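Hello,

Here is the structure I promised to pass on to you. Please open it and keep it beside you while you read.

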Amino acid sequence: ATLGVIEMDTAPWGFGGFSAVHLAADLTVTMVSDRGRWWQAPLRLAPLGFGSARHGPLLDAAGRPLRGREGDAEALVRLPDGTWLVGFERNHRIQRHARLD
């Protein structure tokens, strides 16, 4: 059964399309894009939509925003300890983040 469809305009956040989505048990949706960005918001089921979103650039180990080929995120996993693994295309690697923000 389909509950509905959510249409999003990602242009204001500089995203393009989302590459990976994580849905937590508390219905928090977290996404990464191939433009080196992350986005997070609570999912509401009635009416269907999102609550207030947080978003920003994915950062390297020195705290600098990832740019170009370096930011081409394609996969996202949340570990039991709350940290995030982000997989990247082009410059293949997996980065571990304590927090995406």
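This is a predicted model: local features need pLDDT of at least 70, side-chain atom pairs count only at pLDDT 80 or more; totals for chains, interfaces and linings use all residues.

Residues are numbered from 1 along each chain as its sequence is written, and side-chain values use heavy atoms, with hydrogens and water left out.

**Aromatic rings**

There are 2 aromatic pairs in the structure. Rings of Phe, Tyr and Trp (its six-membered ring) pair if their centres lie within 6.5 Å; planes under 30 degrees apart are stacked, over 60 edge-to-face, and the rest tilted. Phe18 and Trp39 have ring centres 6.0 Å apart and planes at 55°, so this pair is tilted. It joins distant parts of the chain, with Phe18 in strand S1 and Trp39 in strand S3, 21 residues apart. (Strands are DSSP runs of E, at least two residues, numbered from the N terminus.)

Is Trp39 buried or exposed? Trp39 is buried, because its relative accessibility is 1%; buried means under 20% relative accessible area, exposed over 50%, and partly exposed in between (1.4 Å probe, protein chains only). Phe18, at 25%, is partly exposed.

The rings of Trp39 and Phe50 have centres 5.0 Å apart and planes at 80°, so they are edge-to-face. Phe50 lies in strand S4, 11 residues from Trp39, and both residues are buried. Together, ring pairs link Phe18, Trp39 and Phe50 into a cluster.

Strand S7 (residues 84–88) has 4 of its 5 residues buried, so the rest of the structure largely encloses it. S7 pairs with S6 (residues 73–78) in the antiparallel sense over 5 bridges; two strands pair if DSSP finds at least two bridges between them. Here Arg78 has Trp84 in S7 as its bridge partner. The S6 and S7 hairpin has 5 residues between the strands, and Gly82 in its turn has a positive phi of about 95°.

S7 also pairs with S8 (residues 93–97), again antiparallel and over 5 bridges. Trp84 stands opposite His97 in S8. This hairpin has 4 residues between the strands, and Arg90 takes a positive phi near 70°.

Finally, look at Arg93: its charged end sits over the ring of Phe88, 4.0 Å from the centre. That term needs NZ of Lys or CZ of Arg within 6 Å of the ring centre and within 35 degrees of the ring normal.

Enjoy exploring!
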